[in-house]
Structure formats: structure tokens, C-alpha cells
Amino acid sequence: MPTETPIPKDHPLMVAWEAYKATPDYANTRKWASHDEHVDGSLWAAFSQGWFLCENQRTEENFSQPPTTKGNMGNPATESEKPATAPIANLNFGQAIEALKNGRRVTRPGWNGRGMYLWLLPATLVKAEWCKEPHLKQLAEQNGGEIRCLGSIRMLTADKKVLTGWLASQSDVLAEDWMILE
């Protein structure tokens, strides 16, 4: 059996791991783990593999701006660290989806029409008294006064209308020109 050398505590990976363990995301992931005695090892394995993958793949092609600190999981610089005028560009579809999940708006320069972009309306629990649409209100009332609404990707169209339930084309999925809007 091979001997493993511990990673020093000041290594960027360990610094990032300790920072991640302090986040609500980590606490939520731990809460849903089915085998508590194995969860830290499983989370560590996924975290470290993702960290190394991001560190090894970081190039100017992947991110328009380098990270401002080493060991930030390969994500573009945080809100406070990046210039207000520089959008993050040349992302692939997976990176655009992650940006949506993180509350960002994304667009593609190749779309017809100016000002078009996507955002994520997160899943939420809707109370009947909030509903203006009669059928939704009825469903919530029949469900004990509230109903779980799933998240959806929305688009602001070229003619400034909101499209709920945007679907990606094959061109969108394969494109590597996605941009995060400021």
C-alpha cells in the first residue's frame, strides 16, 4: 500500500479546503450525506479533484481574468476582486450554468438581438396568499397553503419580454463564447 504525504496546512489547496468547510454550502452538503462517517473523505476527494482540475486547466482561454488569489477553486475572481467593467468571457456552457447557479446573469455575443441574457429563478416555496395567478393560488391552497415551485432559467428577449423556461439549442450547449454580465 502506498504511503501518502500529508499536504502542508499553508498549501493553497488546504487553505481553500478550510475556507470551503466554513461555508453554508459545505454545511448543507454534510447535512444531506447518508453516511456521516465517510462524508468528510468523500467531500475532500471531490473538492481536491475539482481544485486540481481547475488549477491545471486555468488558461487565458478558460477565463478572461486570472484569479487574484491562488487556491480559489478555479473560479473567476470574486465580486469585490474584479474590475466593474470587465465581463468574464469565453466560457463554455457548463461554466455559464455554474454562473447562473451562483446568481449571475449570462449571455452570448452570437445571439440575435441586443440586450438578451439569462438568469436563474431559484426553486422556492410559494404561499397561496402571494399568488396572483388563480390556478397557482388554487394549487397552493389545495396543498395546505403553499406549494414548492421548481427553479427555471429565464431569458430577457431582444424585445424586452421575459421568457420563462428557456431551453438551450445545440449551438448554445457547444458554444464557448458565453459571458457573465456585471
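Contact here means heavy atoms within 4.5 Å. By that rule, residues 24 or more positions apart account for 56% of the chain's contacts with a separation of 6 or more. This is a predicted model, where local features need pLDDT of at least 70, side-chain atom pairs count only at pLDDT 80 or more, and totals for chains, interfaces and linings use all residues. Residues are numbered from 1 along each chain as its sequence is written, and side-chain values use heavy atoms, leaving out hydrogens and water.

**Overall layout**
- You get six helices and eight strands, taken as DSSP runs numbered from the N terminus (helices: H or I, at least four residues; strands: E, at least two).
- Along the sequence, the pattern reads α-α-α-β-α-β-β-β-α-β-β-β-α-β.
- Of the 182 residues, 26% count as buried (under 20% relative accessible area; exposed is over 50%, partly exposed in between; 1.4 Å probe, protein chains only).

**Arg108**
- Arg108 sits in the loop between strand S2 (105-107) and strand S3 (117-121), and counts as buried because its relative accessibility is 14%.
- Its side chain makes a 2.6 Å polar contact with that of Asp177 (a pair of N or O atoms within 3.5 Å; within protein, one must be able to donate a hydrogen and the other to accept it, and residues adjacent in sequence count only if both atoms are side-chain atoms).
- Setting aside neighbours within four places in sequence, Arg108 also touches residues including Ser171, Asp172 and Trp178.

**Cysteines**
- There are zero disulfides (pairs of cysteine sulfur atoms within 2.5 Å).
- The closest cysteine sulfur to that of Cys131 is in Cys149, 7.0 Å away, so too far for a bond.
- Cys131 is buried at 10%, while Cys149 is partly exposed at 22%.
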